[in-house]
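Please look over the structure shown here before reading on; the report below starts with one chain as a whole and then turns to some details of another.

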Amino acid sequence: MREKAEAVIIGGGVTGCGTAYSLAKKGLTDVVVLERGGLCTGASGRCGGGIRQQFTTEANIALAMESVRLFEQLSEELDTDIEYEQGGYLIIAYEDDVDQFRKNVRLQNSLGLHSRFITPAEAQEIVPLLNTDPIAGATFCQTDGHANPFRVVHGYARKAQEMGVEINKFTNVTDIVAVDGHIQAVRTDKGTVKTDTVVNAAGAHSRDIAAMVGVDLPNKPYRHEILVTEPLEHVLDPMVISFKTGIYFSQQKHGSIIGGIGDPEEPSSYNLSGSLRFLKRMARTMVELVPAFGHLNVLRQWAGLYDVTPDAQPILGWTEGVDRFCQANGYSGHGFMVAPKVTELVAELIVDGKPSMPIDDLTLSRFEGEITGEAYVVG
Amino acid sequence: MRITEHPLLSFQRKRVIHFTFNGGPLEAYEGETIAAALHAAGIKVLSRSITYSRPRGFFCAIGKCASCMMNVNGVPNVKTCVTLVEEGMVVESQHKGVLKPFTGPKKSHISHMKTQVAVIGAGPAGLNAAVTAHAYGASVLVIDENPHAGGQLVKQTHKFFGSSRERAGTRGTEIAKILYREAESFVMLQAAVVGHYNDRGHRLVLVKDGTLAELEAEKVIVATGASENMLLFENNDLPGVYGAGAVQTLMNVYGIVPGNSVLMVGAGNVGLIVSYQLLQAGVKVVGVVEALPRIGGYHVHAAKVRRCGVPIYTSTSILKALGEEYVTGAVTVSLDKDWNHIPGTERKFDVDTICLAVGLSPSIEFFCQAGCRIAHIPELGGNTPVHSPAMETTVKGMYAAGDAAGIGEANTAMMEGKIAALSCVKALGLSTLETEKESKESYEELRLLRSGSFGERARQGKERVFAIMEELHE
């Protein structure tokens, strides 16, 4: 492991590896990534891979739109097929969702996003297997979609390494040394790296990392469960999602359906085991929307951790009280989809001192004032 | 091709059944699996792989490997090697699972069951465990996805060695029948356990006749057996490359020969015994290749095979399978002392079947799911659940027995099943004055079974497993 680096990134998921790549692309290659497990073994490797722009706050919509622009070129840029498909997101609207959804579409449209409110019949044209009986309509945005997170993370990591970044897997951060609010070094079980700049991209464990320098993050971990079915002929273009039931599912390039469902009764914890309750709720809810899926065999189920903030928006940027301690966490379940833009902004902040898009609304200090939250959160 | 004459087995074929394969009519006998019936009709290519459209046939024939999946009556990805053929069945090859309109119940009902001891797997370990626990008054349920109870015993036509107590001199097929007769009332066949959950004790989820059931158990004995190892060589996925166990299933359970001429890979006991069984079924065995410089199995088995004129080539490995849609030949190569191929020693065999007898790996999925500590123990076939001499794993109330607890053989599997069951009996408070004595005898029996030179590897492996368990306790 290098003895010193201009920046240390804690976390080898999409945010950590993406930030390493973005830094290297801007010429800062004296960077060390520290990951306690393998790459993409936390939330990045456990998520559904959805990429959505239909959000309800301006900040999230803008970040997601910019990210989609980057995702569109990412396969070429990373020399790997990230299995990106823009089959759209079909957000199911039930009777009492309709008014709010129409408002959301208006906000999205005002920011240049081509989302639209559609009738049940139109929804069925997009998903012929959809049972439209219980639904009042849907919103749809064709440029939403999904990609393979493993391809993306390993693609970022490989390119970053080619440019000179050092990635240390199975390396546990044990402490961050700071004197008078200035970071000196990061200690790990494999040695110490001297640095004055740290990016906290540790996902659901970011709170523990921040506590090492006395910073209190409001983030809480929540288990979210997900499953994969056997592969099928192609029957589903978009990601189908409902905020009422908390369900989402899409069909991957190889044919499997991957999907999950949030659980309002889930307590905050680091529990990663699979539950029978999830399997039953998921099966019932999915088969109600797509009855033909009643045939499907589930191959596996697993769980990952959402890193949830009080307003369900990420925490980005410098931290008051500790110089050059950059937060890139708190994605509340949306980290993968905004990673291309977020990591670019973090790199700009570190190298140029100023990101190309304002992120003032997303810094940690926002929690001192009044909070406007993201309403479109699964679960 | 069906076997009509066999020196040991008689196949009582039941009524004729009609079904279709890719639209064409075929006949089978009641009691045959779809894959076996197709093979008897000369159909080896069952489906195509998703990405490269490679031909797919079965490999394991006992529901472990999933390479036999086909569309049956509109339901994709049915494991045809463990699904019995039925009158009027519509069987189709698949490339990807094709979704037909859902024909199942509109609202699926999940039934709930309770038992004191759940046993996963109705092989020698599972059945013996169940019979033992039942004798002490425990409620027991054995679940197995195969259409036959007895696990791999049902195809073992040779007489068992070992002690007289554990039925030495009896053929495996007979032992299976004896055990099943005792356990029949609490065995559920053609039911697959698809999940283990730790929430509030042990909860198993099983699929029976296309519907889910939930089974709450105080103790779980996992006796899921093993899966056959694959070997790396060119074209190893061609139909006609079969596990030795699959060949045994086809021949000895269904009376169907795997092909006309076979190259056997592996000269351990399994390779030698199956070679001899092939000869008994009238199949030509062109040779047995063994990568090691010496024969691994008992010499009595090797001598029998050699007397029939089958050469055994040591320090030799398979290089590739030949053929486009299925195996039409095999190329072998000699190995030097560092396991490297010796150029110029390639030898071509005209065979339609390549049989792999290159070892087994414990089926440890449920242990992994439950969070049991797993250790890599080469002497026991690789990844093995860490367990105590009483067969309890690191997850309280979950026990391992038989090949799933580390590769052994049927006698030791039965003994481990018994020990696991006695441990459950004690933990459930069902012990009698006899229990301790029976337990002591079982430990002694197991020790004797592993005392010979052929038991040495397993003995060493188990010692390592017990040592890890002890370390964890300290």
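Chain A has eight helices and 19 strands, where helices (H or I, at least four residues) and strands (E, at least two) are DSSP runs numbered from the N terminus. The radius of gyration of chain A, taken over C-alpha atoms, is 20 Å, close to the 21 Å of the globule rule for 379 residues, so chain A is as compact as a globular protein of that length; the rule is 2.2 Å times the number of residues to the power 0.38.

This is a predicted model, in which local features need pLDDT of at least 70 and side-chain atom pairs count only at pLDDT 80 or more, while totals for chains, interfaces and linings use all residues. Residues are numbered from 1 along each chain as its sequence is written, and chains are lettered from A and ligands numbered from 1 in the order in which they are written.

Of the 379 residues of chain A, 52% count as buried, that is, with 20 or more other C-beta atoms, placed from the backbone, within 10 Å of their own.

In chain B, four bridges join strand β8 (residues 111-120) to strand β9, and the two run parallel; strands pair if DSSP finds at least two bridges between them. Val119(B) has Val142(B) of β9(B) as its bridge partner. In a regular strand the side chains alternate between the two faces of the sheet. The table lists the residues of β9(B) by direction.

| Residues of β9(B) (residues 140-143) | Direction and burial |
|---|---|
| Val140(B) and Val142(B) | one way, buried |
| Leu141(B) and Ile143(B) | the other way, buried |

Conventions:
Buried ≥ 20, exposed ≤ 12 C-beta atoms within 10 Å, placed from the backbone.
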